[in-house]
Amino acid sequence: MPGEVPEVLPKWIRIGETAAGAPMRFISLLDLICHNLQDLFPDMAVVDMMVFRISRNADLERDEEDAEDLLELMEAELRQRRFAKVVRWK
């Protein structure tokens, strides 16, 4: 989905070279993204930003016993879940 941060990316990124005995420096991936929104959306005027998370209803409405292919059933359910009712956002 557009706007999602891939889970394979680290939440913290080490920046710069460190001299012997110097502490390592890190930046939050979310801070890095927020400070570079103009580069990510070049044709848009970014006027504000905030980080949020949405939880969607996870109730399965399919009958697993009647499914011929359980994996296909689960994949279809997960695709449809993207459009399910929002139950919480923070």
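View 1. Leu73, Ala76 and Glu77 are buried in helix 3, where buried means under 20% relative accessible area, exposed means over 50% and partly exposed lies in between, with a 1.4 Å probe and protein chains only. These three residues sit on the same side of helix 3 because they cover an arc of only 100° around the axis, the arc being that of the directions from the helix axis to the C-beta atoms. Leu71, Glu72, Leu78 and Arg79, on the other side of helix 3, are exposed. Helix 3 (residues 70-81) has 12 residues and reaches 16 Å from its first C-alpha to its last, close to the 16 Å expected at 1.5 Å a residue; the expected span is 1.5 Å times one less than the number of residues.

This is a predicted model, in which local features need pLDDT of at least 70 and side-chain atom pairs count only at pLDDT 80 or more, while totals for chains, interfaces and linings use all residues. Residues are numbered from 1 along each chain as its sequence is written, and side-chain values use heavy atoms, with hydrogens and water left out.

**View 2. The whole protein chain.** Three helices and four strands make up the secondary structure of the protein chain, and from the N terminus on they run β-β-α-α-β-α-β; helices (H or I, at least four residues) and strands (E, at least two) are DSSP runs, numbered from the N terminus. Of the 90 residues in the protein chain, 9% are buried. The protein chain exposes about 8,500 Å², of which carbon and sulfur atoms supply 55%, with accessible areas taken from the Shrake-Rupley method with a 1.4 Å probe and, for residues, only the protein chains shown counting as cover.

**View 3. Cys34 in helix 1.** Cys34 is found in helix 1 (residues 29-34). Not counting residues up to four places away in sequence, Cys34 touches Met49 and Val51, a contact meaning heavy atoms within 4.5 Å. Cys34 and Asp48, which are 14 residues apart in sequence, are 9.6 Å apart in space, C-alpha to C-alpha.

**View 4. Arg53 and Glu4.** Arg53 lies in the loop between helix 2 (37-40) and strand 3 (54-56), and it counts as exposed because its relative accessibility is 55%. The C-alpha atoms of Arg53 and Glu4 are separated by 9.6 Å, although the two residues are 49 residues apart along the chain.

**View 5. Val5 before strand 1.** Val5 is placed in the segment before strand 1 (12-15), and Val5 is partly exposed, with a relative accessible area of 35%.
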